[in-house]
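Hi everyone, thanks for coming along. Let's bring the structure up on the screen and walk through it together.

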Amino acid sequence: INQVYEPVKSLPTNERDQLHIFLKMCQDDIKAIREKKLTKEKMLENHAAYLKSVGANHDLNKQA
């Protein structure tokens, strides 16, 4: 198995905190989708807004 990302423990503290927040948001959003309190489209908008707010700069339209 190829590891694509660096282990979390090697990230600076603020990035570890942000990763924790993002993963928790993903878990909460999946639960809300299952409960029909959130749409997938709104979830993706929320995730994009969060990533933009923390300075993530990844072109999601870019083809691999």
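How many helices and how many strands are there in the protein? The protein has two helices and zero strands. Please keep in mind that this is a predicted model.

A few overall numbers to begin. The protein has 64 residues, and 14% of them count as buried. Its accessible surface comes to about 6,100 Å², with 55% of that belonging to carbon and sulfur atoms.

Now let's turn to the aromatic rings. How many aromatic pairs does a search of the whole structure find? The search finds one. That pair is phenylalanine 22 with tyrosine 50, and the two rings are stacked, at 6.0 Å centre to centre with 20° between the planes. If you look at where the partners sit, phenylalanine 22 belongs to helix H1, residues 13-34, while tyrosine 50 belongs to helix H2, so the pair links distant parts of the chain, 28 residues apart. Both phenylalanine 22 and tyrosine 50 are buried.

Next, let's zoom in on methionine 43. You will find methionine 43 in helix H2, which covers residues 40-53. Is methionine 43 buried or exposed? Its relative accessible area is 13%, and because buried means under 20%, methionine 43 counts as buried. Which residues does methionine 43 touch, leaving aside its neighbours within four places in sequence? The contacts are Asp29, Ile33 and Leu38. And for a sense of distance, isoleucine 30 lies 13 residues from methionine 43 in sequence, with 8.4 Å between their C-alpha atoms.

Aspartate 29 is buried yet has no salt bridge, and the nearest side chain of opposite charge, lysine 42, is 9.6 Å away. What is around aspartate 29, then, once we set aside neighbours within four places in sequence? Aspartate 29 is in contact with Leu38, Met43, Asn46 and His47.

That brings us to the charged pairs. How many salt bridges does the structure hold? There are three, so let's visit each in turn.

Lysine 24 and aspartate 28 meet through their side chains at 2.9 Å, N to O. Both residues lie in helix H1, four residues apart, which is about one turn of the helix. Lysine 24 is partly exposed, with 41% relative accessibility, and aspartate 28 is partly exposed too, at 37%.

Lysine 37 has a relative accessible area of 64%, and since exposed means over 50%, lysine 37 counts as exposed.

Then we have lysine 42 with glutamate 45, where the closest N and O atoms are 3.9 Å apart. Both residues are in helix H2, three residues apart, again about one turn of the helix. Lysine 42 is partly exposed at 39%, and glutamate 45 is partly exposed with a relative accessible area of 49%.

To recap, we have seen two helices, one aromatic pair and three salt bridges, along with a buried aspartate 29 that has no salt bridge.

Note on methods: Residues numbered from 1 in each chain as written. Predicted model: local features only at pLDDT ≥ 70, side-chain atom pairs only at ≥ 80, totals over all residues. Heavy atoms only, no water. Buried < 20%, exposed > 50% of the residue type's maximum accessible area, 1.4 Å probe, protein only. Contact = heavy atoms within 4.5 Å. Phe/Tyr/Trp six-rings, centres within 6.5 Å; stacked < 30°, edge-to-face > 60°. Salt bridge = Lys/Arg side-chain N within 4 Å of Asp/Glu carboxyl O. Lys, Arg positive; Asp, Glu negative; His and termini not counted. Areas by Shrake-Rupley, 256 points an atom, 1.4 Å probe, with all protein chains shown as cover.
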